[in-house]
Amino acid sequence: MSKLNDSKKQYDDIEIPEELSQVVQTSIRKAQKKQPKNKPIKQWGIGIAAAATLFITSVNISPALAQSLSTVPVLGSIVQVVTLQEIQVAKDTYNAELKTPGVTGLENKELEKTLNEKYIAENEALYKDFQKDMKVIEAEGGGHLGMESTYEVVTDTDDILSISRYVVNTVGSSSTTMRTDTIDKKNEILITLPSLFKDDQYIEAISTYIKEEMIKQMAADEDITYWVGSEADFESFEEIRPDQTFSITKDHKLTISFDKYEVAPGYMGVVTFEIPTEVIESNLISNYYIK
């Protein structure tokens, strides 16, 4: 569990630049101007952290790193996801592969820049932590250390683009964390989980459904285990975080995801639940995104 907490802390420790709030507000104003009057979307938010860094420069001058630039276009879309950087470290028993995504094609260049800077900052933090851990292990006599950071475009429609970033840390066992950004491609804004709902009552509605689904799945398959209920081996899952990792499917369904070890044993990996719309319909601001 400490690995999971460490991985989460890597994200939480990324500094938020002062200009981010201005970018967010500008994005919101632009989106609201574009929004047709009959679409009842009233609240937008951006739950991102970003930091402008000199990471690209520092990587370029480091002989320990091999990097390349490749492009992975999202077919059928003007907005694309590309690989900004691939960083590889291979030294004895220490291995790291960090792949940084980048978004291109947005008219809102401020938003595009902020997203890409955030992704670079995330991998910068991961690389620094990897180097720090490597030195500690070397000082203690050596050992194995691995890290992989990659991404996946999980949804790409005319309206929605969701990009999930995965980080796998390996020291003996492994931990996996996942973060997802969901972008409204037409209005060019980021969508946060709270921005989809009228108030915070969605937390209880979603959490109650997930707990019931966990118990249902365990009853149907003895190989499935979640930490839920009074008999849980670890702290029982009670409720999602307000900013729990989420995505929107191509069918406009909400999914909620948990990191490895967050609500289940490690062999379950990252677990995702699709939330039936009827469970949260009364909590939604509108059915514009979730149907």
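Contact here means heavy atoms within 4.5 Å. The structure is a predicted model, in which local features need pLDDT of at least 70, side-chain atom pairs count only at pLDDT 80 or more, and totals for chains, interfaces and linings use all residues. Residues are numbered from 1 along each chain as its sequence is written, and side-chain values use heavy atoms, with hydrogens and water left out.

**View 1. Surroundings of L254.** Leaving aside neighbours within four places in sequence, L254 is in contact with L193, L196, F197, I206, F246, S247, F273, E274, I275, I280 and I290.

**View 2. The largest nonpolar core.** A nonpolar core is a set of buried Ala, Val, Leu, Ile, Met, Phe, Trp, Tyr and Cys residues joined through side-chain atoms within 4.5 Å; buried means under 20% relative accessible area (1.4 Å probe, protein chains only). The largest such core has 33 residues, and I206, I210, Y226, I240, L254 and I256 have the most contacts inside it. Two or more residues each come from β7 (189-191), α5 (201-220), β8 (246-248), β9 (254-258) and β10 (271-275); helices (H or I, at least four residues) and strands (E, at least two) are DSSP runs, numbered from the N terminus. The largest share of this core, six residues, is given by α5.

**View 3. Lining of the second largest cavity.** On a 1 Å grid over the protein atoms alone, a cavity is a set of points where a 1.4 Å probe fits but cannot get out, and lining residues have an atom within 4 Å of a point. Eleven residues line the second largest cavity, with P101, E122, N123, S149 and R165 nearest its centre. The largest share of this lining, four residues, comes from α4.

Note on methods. Buried < 20%, exposed > 50% of the residue type's maximum accessible area, 1.4 Å probe, protein only. 1 Å grid on protein atoms, 1.4 Å probe; cavity = no way out; pocket = protein on both sides within 12 Å on 5 of 7 lines; lining within 4 Å.
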